[in-house]
Amino acid sequence: MTVPAFCRYSPNYHHRDVHFPLPAIDLAGRSEGLWGQRMRIGIIDYLLRGRDSMLPHLARELGLDSYELSVHLVGDPTRLLCDPERPADLVYLNKAAGVAVSSLFAIQFLGQNLLDTDPVRRRPASLAVKGLFERACSIGASVVVLPLLGASDIRGDEELMALTELLPIWTRWAESLDVAVAIKTSLHSEQILRMIEDFPPPHLGLSFDPALLTAIGRDPRAEWKKVADRAIHIHLQDRMRSGVAAALGEGEVPLADVIDEIVSTEYAGTIVLSTPAGDHPKEVARRNRVYLERLLTLAHQKRTQNLQAPALLPKA
């Protein structure tokens, strides 16, 4: 595939007239030794409470492979992601820290209707989506998460029709830029899987959020089994069934069981920590990372033991 010119960047970057050769860093296999899988742990940017320029350092300091950028307004010139005067800064900073932007989370569409039933009114949101794909491509972020929640929630047949019209457009844009779209929705798994079945991976998939599923009364373990083949992104947080957020392990999401299922299917994407940080964001982020790593290690050990156990033969 020919990557558009604005998505290419030099392996050496000139920053403020100083020449820095960028180190060659293999991020893809970093976690392979720990869990036997190509899986990353990341964190959503607003939990770190730092400027964009500080995010790579903060993520590395916390022992994370990557981080997710939340986008409240596509084209916001105050963000490094969108600043036309500093197109390569984020790429350089990530390389220097040895981390990656795993995904862009389009928070903008929680407040702006992405599925407006009027195509004319929907056009600005659609153009914003295309711009977001271009920005993801330019910094090497492999996934763009589109939340069909809030203002973009699917309330009836008209929104479903709008989504049906948009899916091939989004997929075509994503394919042309070599990124993937992850749909985050509260639709029943069977319904959204039917809607995307005509668009095979890797450019269209689902974002899985066990806390969201728990809050709306669904079993996230059972849901993962249904969507595992199309899940390309995970938001991980804990919460009570009432919807109140909690630290990992302190809510009502069956996290250990969910992680067991995720590991058993050899998920190879990023798990993005999104549990609220409280008054001590770095301390909470580090604690959540350690808790998740413990769950992943235990899940992998269980899986290894199950694979090595001799099959039980039927009695004669």
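Leaving aside its neighbours within four places in sequence, which residues is Ile139 in contact with?

Ile139 is in contact with Leu69, Leu81, Leu90, Val91, Val101 and Leu104, leaving aside neighbours within four places in sequence; contact means heavy atoms within 4.5 Å. Ile139 is found in helix α5, which covers residues 119-139. Helices (H or I, at least four residues) and strands (E, at least two) are DSSP runs, numbered from the N terminus.

Ile139 counts as buried because its relative accessibility is 9%; buried means under 20% relative accessible area, exposed over 50%, and partly exposed in between (1.4 Å probe, protein chains only). Val91 lies 48 residues from Ile139 along the chain, yet their C-alpha atoms are separated by 5.7 Å.

## The model and its confidence

This is a predicted model, in which local features need pLDDT of at least 70 and side-chain atom pairs count only at pLDDT 80 or more, while totals for chains, interfaces and linings use all residues. Residues are numbered from 1 along each chain as its sequence is written, and side-chain values use heavy atoms, with hydrogens and water left out.

The chain averages a pLDDT of 85, and 85% of the residues score at least 70; pLDDT is the predictor's confidence in each residue, from 0 to 100. Over residues 1-36, pLDDT stays under 50, and the model has 70 contacts beyond four places in sequence for them. Where pLDDT is low, the predicted coordinates should not be read in detail.

## The whole chain

The chain holds eleven helices and twelve strands. Of its 316 residues, 52% count as buried. Among contacts with a separation of 6 or more, 75% come from residues 24 or more positions apart.

## Two partners for α7

Let us turn to helix packing. Helix α6 (residues 157-177) packs with α7 at an angle of about 40°, with their axes 10 Å apart. Axes are lines fitted to C-alpha atoms, for helices over the stretch in contact, and angles run from 0 to 180 degrees between N-to-C directions. The two helices, α6 and α7, are therefore oblique to each other (angles under 35 degrees count as roughly parallel, over 145 as roughly antiparallel, 65 to 115 as roughly perpendicular and the rest as oblique). Here Leu160, Leu163, Thr164 and Leu167 of α6 meet Gln191, Ile192, Met195 and Ile196 of α7.

Helix α7 (residues 189-196) also packs with helix α9 (residues 220-227), at an angle of about 15° and with axes 10 Å apart. That makes α7 roughly parallel to α9. Ser189, Glu190 and Leu193 of α7 make this contact with Glu223, Lys226 and Val227 of α9.
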